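Please keep the sequence and the model at hand while reading.

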Amino acid sequence: MSTMDWSNLGFGYIRTDYNVRCRYSNGAWGDIEECTDENINIHMAATCLHYGQDAFEGLKAFRGKDGKIRIFRLEANAERLQSSCDGIMMPRVSTELFREMVKKVVGLNERFVPPYESGASLYIRPLLIGISPQVGVSPSTEYLFVIFVTPVGPYYKAGFATNNCVIFRNIDRAAPLGTGRYKVGGNYASGMKASHAAHVQGYACEIYLDAKEKKYIDECGAANFIGIKDNRYITPLSTSILPSITNNSLMQIARDMGLVVEQRPVLLEEVSGFDEAGACGTAAVISPIGRIDDAETGETFVISKDGTPGPVLTSLYHGLRAIQYGDVEDKYGWVTIL
Ligand code: PLP
Ligand code: COI
């Protein structure tokens, strides 16, 4: 892969050698197939196309200084996919099948795992879709589980630097007790309008308030929200947000650093009092937030006065990356070495 400019990768799709697939029919999962074709051939009446029976995951593999490949929090991603399956009536993919397929697809595409020095990683995208033809609204009887990988750099162009965010009160991503807590395709379709408007207006991402009261912060685009104040790590508790595995990991690292973790409803009004704020996720890692603008009320909530990332999020970012790349001990068993 000498032609690949590893240090300047964006967050896009680059073709790799293989994907892996497994089909569910007659109530059981079949054999794992290795595939070089990037296309899937499905019926035009497949339930995933019409009724959104589609769930996905996102995790990463990292190459360490020692050359070893580490997959971060594979089991937690398998469990979240199982929760998404329950949420939209799809058969669960067992943790064992998920593990076997993730390891296989990363191994088959080993030459696409970026070198340690590049700071890039291999993004792993598992996708589960209902494929049986059905016009009535009911769960599919057949499913396809496919995992592909693609090398990625930073999600936000500037990497670890502050970004500004915007709130559009006239668009909700998910309802309380709706599908926001599952990683299903429809949530991303409902966020595209706000996300597009944010980008057009020069913001890195949109922030969603809780759909019921419009008082609390829910999420930042495809990432969870974190605030830091007086040695406390504050992150929203809400039934309409995705339980971020990055956030879950950072809460543990924060506790290890002596911070007090508060997972609770977070009022929008509170944020200008925060010492630091950021968005976190597999793709975003931690993206510090400089300022949040409310597009409807015209209010501005300034977090970073000088526009630079604060010290606590900077330490959390380095703490997380050190575990992912194998620079420090994996004391919680988060890493699967290939
Ligand atoms: N929230 C949403 C809506 C997401 O799409 C993601 C990305 O996966 C996250 C939060 C962050 O979750 P994780 O840290 O598990 O990647
Ligand atoms: C992730 O962080 O894994 C995501 O899924 C974000 C996104 C590209 C949808």
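Gly 12 is placed in the segment before strand 1, where helices (H or I, at least four residues) and strands (E, at least two) are DSSP runs numbered from the N terminus. The model is a predicted one, in which local features need pLDDT of at least 70 and side-chain atom pairs count only at pLDDT 80 or more, while totals for chains, interfaces and linings use all residues. Residues are numbered from 1 along each chain as its sequence is written, chains are lettered from A and ligands numbered from 1 in the order in which they are written, and side-chain values use heavy atoms, with hydrogens and water left out.

- With a relative accessible area of 39%, Gly 12 is partly exposed; buried means under 20% relative accessible area, exposed over 50%, and partly exposed in between (1.4 Å probe, protein chains only).
- Gly 12 and Val 152 are 140 residues apart in sequence, yet their C-alpha atoms are 6.7 Å apart in space.
- Leaving aside neighbours within four places in sequence, Gly 12 is in contact with Thr 150, Pro 151 and Val 152, contact being defined as heavy atoms within 4.5 Å.

**Nonpolar cores**

- The largest nonpolar core has 36 residues, and those with the most contacts inside it are Ile 71, Phe 98, Val 102, Val 106, Ile 124, Phe 145 and Ile 147; such a core is a set of buried Ala, Val, Leu, Ile, Met, Phe, Trp, Tyr and Cys residues joined through side-chain atoms within 4.5 Å.
- The elements that give two or more residues to this core include strand 1 (19–25), helix 2 (74–87), helix 3 (95–108), strand 7 (121–130) and strand 8 (143–152), and the largest share, six residues, comes from helix 3.
- Not counting residues up to four places away in sequence, Val 102 touches Ile 71, Leu 74, Ile 124 and Ile 147.
- A second, separate core has 23 residues, among them Ile 167, Leu 268, Val 271 and Ala 284.
- In soluble globular proteins, nonpolar side chains tend to be buried together.

**Ligand 1**

- Of the 16 residues around ligand 1, those that come nearest are Tyr 188, Glu 219, Ser 244, Thr 246 and Thr 282; a residue is near a molecule or strand if one of its heavy atoms lies within 4 Å of it.
- Oxygen atoms of ligand 1 lie 2.7 Å from a side-chain N or O atom of Arg 80, 2.6 Å from a polar side-chain atom of Ser 244 and 2.6 Å from a side-chain N or O atom of Thr 282.
- Taken alone, ligand 1 exposes 380 Å², of which the protein buries 97%; accessible areas come from the Shrake-Rupley method with a 1.4 Å probe, and for residues only the protein chains shown count as cover.

**Ligand 2**

- The residues that surround ligand 2 include Phe 11, Phe 56, Arg 125, Tyr 155, Lys 183 and Ala 222.
- An oxygen atom of ligand 2 is 2.7 Å from a side-chain N or O atom of Tyr 123, while backbone atoms take part at Thr 282, with an N or O atom 3.5 Å from a ligand oxygen, and at Ala 283, with a polar atom 2.8 Å from a ligand oxygen.
- Taken alone, ligand 2 exposes 280 Å², and the protein buries 88% of that.

- Strand 12 (residues 223–229) and strand 13 (residues 232–235) run antiparallel and are joined by three bridges, two strands being paired if DSSP finds at least two bridges between them.
- These two strands form a hairpin with two residues between them, and in its turn Asp 230 has a positive phi of about 45°, although Asp 230 is not a glycine.
- Strand 13 runs parallel to strand 14 (residues 260–263), to which four bridges join it; Tyr 233 stands opposite Ile 228 and also opposite Val 261 in strand 14.
- Asn 224 has its place in strand 12 and counts as buried because its relative accessibility is 4%.
- The side chain of Asn 224 makes a polar contact of 3.0 Å with that of Glu 219, and a polar atom of the Asn 224 side chain lies 3.4 Å from the backbone nitrogen of Ser 244; a polar contact is a pair of N or O atoms within 3.5 Å, where within protein one must be able to donate a hydrogen and the other to accept it, and residues adjacent in sequence count only if both atoms are side-chain atoms.

**Leu 177**

- Leu 177, in the loop between strand 9 (163–167) and helix 4 (185–200), has a positive phi of about 65° although it is not a glycine.
- Leu 177 is exposed, its relative accessible area being 60%.
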